Amino acid sequence: MKPVSRLSLTGEHLTLESFEEVVRHYRSVDLSANAKVQMNRCRQMVTDLVAQGRTIYGITTGFGKFSDTVINQQQTAELQRNLLRSHACGVGGPLPEEVVRGMMLLRANALAKGYSGIRPSVVDTLVQMLNHRIHPVVPSQGSLGASGDLAPLAHMSLPLIGEGEVIVNGQRMQARTALDQAGIAPVALEAKEGLALINGTQMMASLLSLAVIRGKNLLLAADTIAAMTVEALGGIPHAFHPLLHQVRGHRGQITTAANLRHLLADSRRVTQPGEKRVQDAYSLRCIPQVHGASKDTWHYACQVTETELNAATDNPLLFVEGDEVISGGNFHGQPLALAADFLAIAMAEIGNISERRTERLVNPQLSGLPPFLTRNGGLHSGYMILQYTAASLVSENKTLCHPASVDSIPSSANQEDHVSMGSIATRKLHQVLDNLTHVLAIEYVCAAQALESGDKKMGKGTSPAYELLRRQLPPLTDDREGHRDIEQATELIQSGKLVQAVMKETTISV
């Protein structure tokens with residue numbers, strides 16, 4: 001296999017695909033030559049401003065409410081060092097490794113744009129840590145999502161100066177020890193550099209990027225599992241006719257209907273219109289409309305995320321060409337917070353309709369199948385309680401979908417009087433996705449069991465999905481621990497194996 005080349009950061013060309021390669025698959029990173037040229041030019045501008053004694057926020061002044069407090073030139077290095085120490089006050093469990101890797105990558109890429117006035121050597125040190133898999137311990141709570149993810153990014157940045165803690169190969173240790181072992185020298189921060197490291201949206205951007213990546217897999221899995229349920233219940237695929245969806249025109253709806261047609265192609269388990277009934281319940285008939293709306297929301301969140309991957313989110317920003325230093329609010333996480341809240345709602349809806357399909361599978365009054373999909377009801381409970389679990393999870397998701405972005409608490413003596421709560425929005429989005437994965441796993445298990453009734457040919461896409469599960473999980477004959485069945489199905493969904501198996505036989509897309 002050809003080795004993967006290093007990813008050179010320019011601040012302009014990072015994609016979700018390359019983000020995932022670095023964060024999950026440990027692709028190496030460096031700063032591009034052009035980025036270093038631009039960064040050096042901007043750094044010289046900082047040096048000149050300090051020498052001129054100009055009053056510039058964060059360079060020759062304090063921070064937040066202390067923006068009017070001038071700091072003399074001899075104290076600039078101490079100012080930046082104190083900034084990291086004082087702001088590293090997060091609480092809660094540490095963020096997962098992939099989230100921290102995403103923060104490191106995105107902060108390096110934002111600084112590579114060359115508007116923050118930081119030396120390339122400082123960012124090189126951050127990149128070296130990333131390549132050596134030295135991951136700062138970053139508490140998950142404490143960010144307001146405006147003025148950037150200050151506390152999380154301060155924890156991420158402390159190891160650059162040899163302070164704080166890191167995790168290396170699963171072992172938690174002092175940052176200085178890890179740097180010494182890797183042969184990486186700590187940096188001595190100069191004017192503006194501490195602020196450049198922590199003023200940004202990289203915690204919430206990392207979380208949202210990972211959620212968008214997870215979301216795509218779950219949307220494709222949901223279509224596949226829903227198609228299995230359509231077959232198991234003898235659904236009417238005429239509701240997925242392209243003409244019906246084209247006249248409404250929504251992209252996601254059209255895509256979902258096409259996915260269902262591909263998944264169900266050649267199936268002999270479905271019903272033709274009027275054969276048994278005229279139309280199905282909404283949870284079957286309206287799959288394109290419901291799943292499709294969530295796909296459209298996913299595309300919106302994807303667009304916001306891809307923009308933020310290459311955004312300059314520092315304050316102030318320095319523009320060498322126009323000799324401008326502009327204080328503003330690019331650190332404000334509102335675009336990400338709104339996208340995360342919207343995506344959480346959209347993905348929760350995938351779970352809501354999935355649970356309704358599960359109810360139809362296990363309820364004999366709705367399915368015509370054995371009660372709770374067991375042949376020996378009474379002595380055996382079958383998959384009765386799996387639906388309870390799904391109902392619990394979708395109810396929890398409804399609570400989690402209260403938008404974080406509508407909240408704001410003033411901070412820094414009311415200087416920072418509107419904040420996004422984007423870090424909260426993106427963190428709870430991942431809990432919604434965790435719950436959704438289990439809800440889909442439950443439908444997957446129940447649909448496969450329902451398909452044990454009858455032996456007619458399954459669809460082009462549903463057949464490999466069924467066979468994949470059956471290689472891991474035999475049909476239910478006697479009662480067994482239901483959580484193990486859910487775990488098996490969850491792993492197939494979460495790992496992407498389900499979608500990969502289907503994509504080998506047919507085409508589905510978001």
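Reply: Start with E355. Its relative accessibility is 5%. The cut-off for buried is under 20%, so E355 counts as buried. This is a predicted model.

R356 has 42% relative accessibility, so R356 counts as partly exposed. Side chains of opposite charge can pair when their charged atoms come close.

Now look at what else touches this pair. Q387 lies in helix α16, residues 384-400. Q387 touches both E355 and R356. Its contacts also include T358, E359 and V362, leaving aside residues up to four places away in sequence. Q387 has 13% relative accessibility and so counts as buried.

Next, the other charged pairs. The structure holds 24 salt bridges. One of them joins E163 to R85, with the closest N and O atoms 2.6 Å apart. This pair links distant parts of the chain, 78 residues apart. E163 is in the loop between α6 (150-157) and β6 (165-168). R85 is in helix α3, residues 76-87. E163 is partly exposed, at 24% relative accessible area. R85 is also partly exposed, at 42%.

R484 and E481 form another salt bridge, at 3.3 Å from N to O. R484 has 46% relative accessibility and counts as partly exposed. E481 is partly exposed too, at 44%. Salt bridges can also join up: R43, R119, E190 and E193 are linked in a network.

Last, the helix packing. Helix α9 covers residues 202-232, and helix α13 covers residues 287-309. Their axes come within 9 Å and cross at roughly 160°. The two helices are therefore roughly antiparallel to each other. Their crossing is left-handed. On the α9 side, the residues that meet α13 include L208, V212, L219 and V230. On the α13 side, they include I287, W298, C302 and L309. The residues of this contact divide into 12 nonpolar, 5 polar and 4 charged. Among the contact residues are K216 and D223 in α9, and K295 and E308 in α13.

Technical notes
Residues are numbered from 1 along each chain as its sequence is written. This is a predicted model: local features need pLDDT of at least 70, side-chain atom pairs count only at pLDDT 80 or more; totals for chains, interfaces and linings use all residues. Side-chain values use heavy atoms; hydrogens and water are left out. Helices (H or I, at least four residues) and strands (E, at least two) are DSSP runs, numbered from the N terminus. Buried means under 20% relative accessible area, exposed over 50%, partly exposed in between (1.4 Å probe, protein chains only). Contact means heavy atoms within 4.5 Å. Axes are lines fitted to C-alpha atoms, for helices over the stretch in contact, and angles run from 0 to 180 degrees between N-to-C directions. Angles under 35 degrees count as roughly parallel, over 145 as roughly antiparallel, 65 to 115 as roughly perpendicular and the rest as oblique. A crossing is left-handed if the near helix is turned anticlockwise from the far one by less than a right angle, and right-handed if clockwise. Ala, Val, Leu, Ile, Met, Phe, Trp, Tyr, Cys and Pro count as nonpolar, Asp, Glu, Lys and Arg as charged, and the others, Gly among them, as polar. A salt bridge is a side-chain nitrogen of Lys or Arg within 4 Å of a carboxyl oxygen of Asp or Glu.
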